[in-house]
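My entries follow in the order I made them.

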Amino acid sequence: MENKKTSELLDILNSIEDESKLTNYINEAKNTFSNLNFHSYFGDIIKKKNLKKSKLIENSNIDRTYCYQILNGTKNPSRDKILQLCISAKLNINEVQRLLTLGNVGQLYPKDARDSAIIFAINKSLTLLETDYMLSELNLTPLGDE
């Protein structure tokens, strides 16, 4: 079970018919369950992309102390704070969606006007300032207005 894709695991789960089989599945898969969280995943991305925390914090327009608390895992960021960090780090849409999921704040939804504009900003690698300006021009709440 270790190397199975999420979709394959979901197929297995959908085929389970009773609790005893569920118990077997969970016992077999215990070691493969992800211990990922927002803090560790974002930290890995920062390291992989060789981003400096100080520059990321400056670009994110989040209070320095609060941002360090987010980055070290002592504070759980809101959805907009996660988006501010992701845009500042120039993450792609898949990385952003994964971080939103790990932050338990809900992924960007293309049927929502504000989310659609944010998806566009991410895909076009807009800065946070450009993103907030675009959101304002569209009469949508900027990310920094939380």
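I began with the largest cavity and asked which helices each supply at least two residues of its lining. They are α6 and α8; helices here are DSSP runs of H or I with at least four residues, numbered from the N terminus. The model is a predicted one, in which local features need pLDDT of at least 70 and side-chain atom pairs count only at pLDDT 80 or more, while totals for chains, interfaces and linings use all residues. Residues are numbered from 1 along each chain as its sequence is written, and side-chain values use heavy atoms, with hydrogens and water left out.

For the cavity I noted the rule: on a 1 Å grid over the protein atoms alone, a cavity is a set of points where a 1.4 Å probe fits but cannot get out, and lining residues have an atom within 4 Å of a point. I found 1 cavity of 30 Å³ or more. The space in the largest cavity is about 50 Å³, a volume being the space filled by probe spheres set on the points, which are joined across faces, edges and corners. I listed its lining as Cys-86, Ile-87, Lys-90, Leu-91, Ala-121, Ile-122, Ser-125 and Leu-126. By class I read 6 nonpolar, 1 polar and 1 charged residues (Ala, Val, Leu, Ile, Met, Phe, Trp, Tyr, Cys and Pro count as nonpolar, Asp, Glu, Lys and Arg as charged, and the others, Gly among them, as polar).

Next I took the second largest pocket, a pocket being an open set with protein on both sides within 12 Å along at least five of seven lines. Its volume is about 170 Å³. Which helix gives the most to this lining? It is α9, with 3 residues. The residues I found lining the pocket include Asn-59, Ile-87, Lys-90, Leu-128, Leu-129 and Asp-132.

I then went through α9, residues 128-137. Its buried residues (under 20% relative accessible area, with a 1.4 Å probe and protein chains only) are Leu-128, Thr-131, Asp-132, Met-134 and Leu-135. Seen down the helix axis they fall within an arc of 160°, so they line one face of α9; the arc is that of the directions from the axis to the C-beta atoms. The face turned away from them carries Leu-129, Tyr-133 and Glu-137, which are exposed, meaning over 50%. The buried residues pack against α4 (53-60), α6 and α8 (113-123). Just after α9, I saw that Asn-139 has a positive phi of about 60°.

Single residues came last. Asp-80 lies in α6 (residues 79-88) and counts as buried at 10% relative accessibility. I found its side chain joined to that of Arg-114 by a polar contact of 2.9 Å (a pair of N or O atoms within 3.5 Å; within protein, one must be able to donate a hydrogen and the other to accept it, and residues adjacent in sequence count only if both atoms are side-chain atoms).

Leu-108 and Ile-93 are 15 residues apart in sequence and 9.1 Å apart in space, C-alpha to C-alpha.

Terms used. Contact = heavy atoms within 4.5 Å.
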